[in-house]
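Please keep the sequence and the coordinates at hand.

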Amino acid sequence: MNYWKKERYKRTILQNLTFSNLFLLIQIIMFIIMTLKGGSTNPGILVYYGARANAFIIIFHEYWRFITPIFLHIGLEHFAMNSLFLYFFGNQLESIVGHGRFLVIYLLSGIMGNLASFAFNAQHISAGASTSLFGLFGLMLYLSTRHRYIYAFKELGMQYMALLVMNLITSLFSSTIDLWGHLGGLVGGYVIASVVSFRGDRVTKMYERVLFAIIYILIAILLFKIGIEIGKEML
């Protein structure tokens, strides 16, 4: 193999070493495992592998259930749609904001979405990357509104705004979709994006970042307390 071919292969590998692809790999593995163990639509299997189930959080203090649902999916269609969106939209945004910022936004918006679901969707178990994917919509809103002076960010908003609205409408009118998880992820993504911003941002002031970090913490605490109170009444 000549030098230029080696360099091309190396560059291709490095370009695909992203958190988007890592998270995609994790959810593929988890979907295969759950399918082999009894099916990803089986409530028992979902709870066993980490779906958000309020009783387990309240009684057994399994707080890791605010994170693990991000990597689980309910059924093939749910898994396939979220995986495709993560691969294309996730990698696009990760290339814009950088790997570290993307990691923080993806995970913390997913946690916020699961906290919102914990607070207002207590009667159902939930799972899916949608909480984090709506966090990416929140990131898109942040870039395309607060930094619309950058043409590429303005174009990003025009490209995905209709898709965001369509997804919110679908979430609103479908009883099988966790609307609160989606809204929580969207808000979480916008707030955290306001904290970490993007590479080369010389406009956002430090006090703005601190303010939005405090806002995130306060919203998370409020949602957790609401979930605990409602959960105790239901148990």
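**The pocket and its lining**

The largest pocket has a volume of about 990 Å³. A pocket here is an open set of points on a 1 Å grid over the protein atoms alone, where a 1.4 Å probe fits and protein lies on both sides within 12 Å along at least five of seven lines; a lining residue has an atom within 4 Å of a point. The grid points are joined across faces, edges and corners, and the volume is the space filled by probe spheres set on the points. The lining of this pocket comprises 31 residues, and those closest to its centre are His-78, Ser-130, Ile-177, Asp-178 and His-182. At least two lining residues come from each of H5, helix H7 (130-146), helix H8 (151-173) and H9. Helices are DSSP runs of H or I with at least four residues, strands are E runs of at least two, and both are numbered from the N terminus. By residue type, the lining divides into 14 nonpolar, 15 polar and two charged residues. In this division Ala, Val, Leu, Ile, Met, Phe, Trp, Tyr, Cys and Pro count as nonpolar, Asp, Glu, Lys and Arg as charged, and the others, Gly among them, as polar.

The model is predicted, with local features requiring pLDDT of at least 70 and side-chain atom pairs pLDDT 80 or more, whereas totals for chains, interfaces and linings use all residues. Residues are numbered from 1 along each chain as its sequence is written, and side-chain values use heavy atoms, with hydrogens and water left out.

**Annotated spans**

UniProt, in an unreviewed entry, lists residues 62-196 as "domain: Peptidase S54 rhomboid". Its positions follow the numbering used here, feature names are shortened, and annotations may be inferred rather than shown by experiment. In the model, the span 62-196 is 76% helix and 0% strand, with its end C-alpha atoms 28 Å apart. The unreviewed entry also places the feature "transmembrane region" at several spans, including 70-90 and 126-144. Residues 70-90 are 71% helix and 0% strand, and their end C-alpha atoms are 14 Å apart.

**The nonpolar cores**

The largest nonpolar core has 47 residues, and those with the most contacts inside it are Phe-89, Tyr-106, Phe-137, Leu-139, Met-140 and Leu-143. Such a core is a set of buried Ala, Val, Leu, Ile, Met, Phe, Trp, Tyr and Cys residues joined through side-chain atoms within 4.5 Å. Helix H2 (19-37), H4, H5, helix H6 (99-120), H7, H8, H9 and H10 each supply at least two of its residues. Apart from this core lies another, of eight residues, among them Met-30, Ile-45, Leu-46 and Tyr-49.

Which residues does Leu-139 contact, leaving aside its neighbours within four places in sequence? They are Leu-93, Val-97, Ile-105, Gly-189, Tyr-190 and Ala-193, where contact means heavy atoms within 4.5 Å.

Met-140 lies in helix H7. Met-140 counts as buried because its relative accessible area is 0%; buried means under 20%, exposed over 50% and partly exposed in between, with a 1.4 Å probe and protein chains only. Beyond four places in sequence, Met-140 contacts Phe-89, Leu-156, Gly-157, Tyr-160, Met-161 and Leu-164. The C-alpha atoms of Met-140 and Tyr-160 are separated by 7.9 Å, although these residues are 20 apart along the chain. Met-161, in helix H8, has a relative accessible area of 29% and is therefore partly exposed. Its contacts, with neighbours within four places again left aside, are Met-140, Leu-141 and Ser-144.

**Loops and helix ends**

His-99 belongs to helix H6 and is partly exposed at 41% relative accessible area. Leaving aside neighbours within four places in sequence, His-99 is in contact with Leu-17, Thr-18, Phe-19 and Glu-94. Leu-17 lies in the loop between helix H1 (3-15) and H2 and, at 56% relative accessibility, counts as exposed.

Two loop residues other than glycine have positive phi values. Phi of His-61 is near 55°, and this residue lies between helix H4 (54-60) and helix H5 (76-97). Phi of Ser-197 is likewise near 55°. Ser-197 sits in the loop between helix H9 (179-196) and helix H10 (206-234) and is buried, with 0% relative accessibility.
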